[in-house]
Amino acid sequence: MKQLCVIGDPVLHSKSPLIQNTMIRALGLDYEYLCQPVKREELPAWLERVRAEGWAGFNATMPHKEALVPLMDELDEDAKLYGAVNTVCNIDGKLYGYNTDGGGFARALAGAGIPIQGTKFVLLGAGGAAKAVILKLVQQGARQVVICNRTVEKAAALAAHAPDIMSTTGFSVEELAKAAAGCDVLINCTNLGMAGSPEFESPAFLDALPAGAPVCDLIYHPLETALLKRAKELGHPAMNGLPLLIHQAILALEHFTNTKIDAAAMLPLVEAALAQSL
Ligand code: NAP
């Protein structure tokens, strides 16, 4: 049986073993997926172990994603774009680094029937998740991206990646409403509304959204945030963070096994497994 795992510090909370083992079982693959705590300073020794013990591959989370970049034998285009690796395949001792964050997000949008090319997006937030989303939106031809963030300097730093299509604004209800009024799709990339985090001061800015504009929330715990609940009440299509979480895992398993996976068949199985664990 071939071995896969997720490494990180901390990592024991990771949903990757549950997601990957659900898919591995459903597909009848001869793999097992484990959880492997690896501290920052242990990364070089871990890579030696991967080669020596013949691990098929691994996923990486904090604090390793950037540190893996110079340690790979080959990098895919998205790993170069993001300057970060979250999936590593070991083929005969050669390590191939991939990044599935942006690709997973693009697939999640496609699955919800939301095009990127030519679309005007409003993004709430300018942290790590927002960066992953923004680079993919720009790469795939978004027409406009307005970044709304509490700390405007962080939004400005992200907007500098493509100043011709990106602009920034603050996070007051008025500023959010003004941005929402001019967009096709609104995406929440902040942790507002996540279990254990504060809520939006007011969801009233959603009233300004054009009719039928989809609202996406990267949060999946809870499955329906107050933002998504309000969006649905106003008649907007709503997508939570599960499709992103699952699609990036499907992409990783495709790299590990070098096969194409039927995402439509996997999504309900993994969603059901996750729903029991949240
Ligand atoms: P992060 O880097 O810490 O960024 C957090 C963002 O939220 C920043 O823009 C921050 O604004 C904003 N924020 C936090 N508290 C706020 C408040 N009280 N008022 C206004 N803005 C506030 O976090 P992240 O890694 O980007 O993650 C963001 C969310 O995405 C989390 O809920 C995470 O669970 C979710 N996520 C989901 C997936 C998935 O697979 N579905 C993947 C990654 C992340 P400042 O810049 O002003 O601090």
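This is a predicted model: local features need pLDDT of at least 70, side-chain atom pairs count only at pLDDT 80 or more; totals for chains, interfaces and linings use all residues.
## Ground rules

Local features need pLDDT of at least 70 and side-chain atom pairs count only at pLDDT 80 or more, while totals for chains, interfaces and linings use all residues. Numbering runs from 1 along each chain as its sequence is written, and side-chain values use heavy atoms, leaving out hydrogens and water.

## Around the ligand

Ala126, Ala129, Asn149, Thr151 and Lys154 come nearest among the 22 residues around the ligand (a heavy atom within 4 Å). Backbone atoms get involved too: a polar one of alanine 129 is 2.8 Å from a ligand oxygen, and an N or O of glycine 128 lies 3.0 Å from a ligand oxygen. On the nitrogen side, a backbone N or O of glycine 241 sits 3.0 Å from a ligand nitrogen atom. The ligand alone exposes 930 Å², and the protein buries 73% of that (Shrake-Rupley, 1.4 Å probe).

Leucine 109 contacts (heavy atoms within 4.5 Å) Ile114, Ile116, Phe121, Leu137, Cys216 and Met239, leaving aside residues up to four places away in sequence.

## Helix α8

In α8 (residues 226-233), Leu227, Leu228 and Ala231 are buried (under 20% relative accessible area, 1.4 Å probe, protein chains only). The buried residues of α8 fall within an arc of 95° seen down its axis, so they line one face. They pack against β10, β11 and β12. Just past the helix, glycine 235 has a positive phi of about 90°.

Conventions
Buried means under 20% relative accessible area, exposed over 50%, partly exposed in between (1.4 Å probe, protein chains only). Helices (H or I, at least four residues) and strands (E, at least two) are DSSP runs, numbered from the N terminus. The arc is that of the directions from the helix axis to the C-beta atoms. A polar contact is a pair of N or O atoms within 3.5 Å; within protein, one must be able to donate a hydrogen and the other to accept it, and residues adjacent in sequence count only if both atoms are side-chain atoms.
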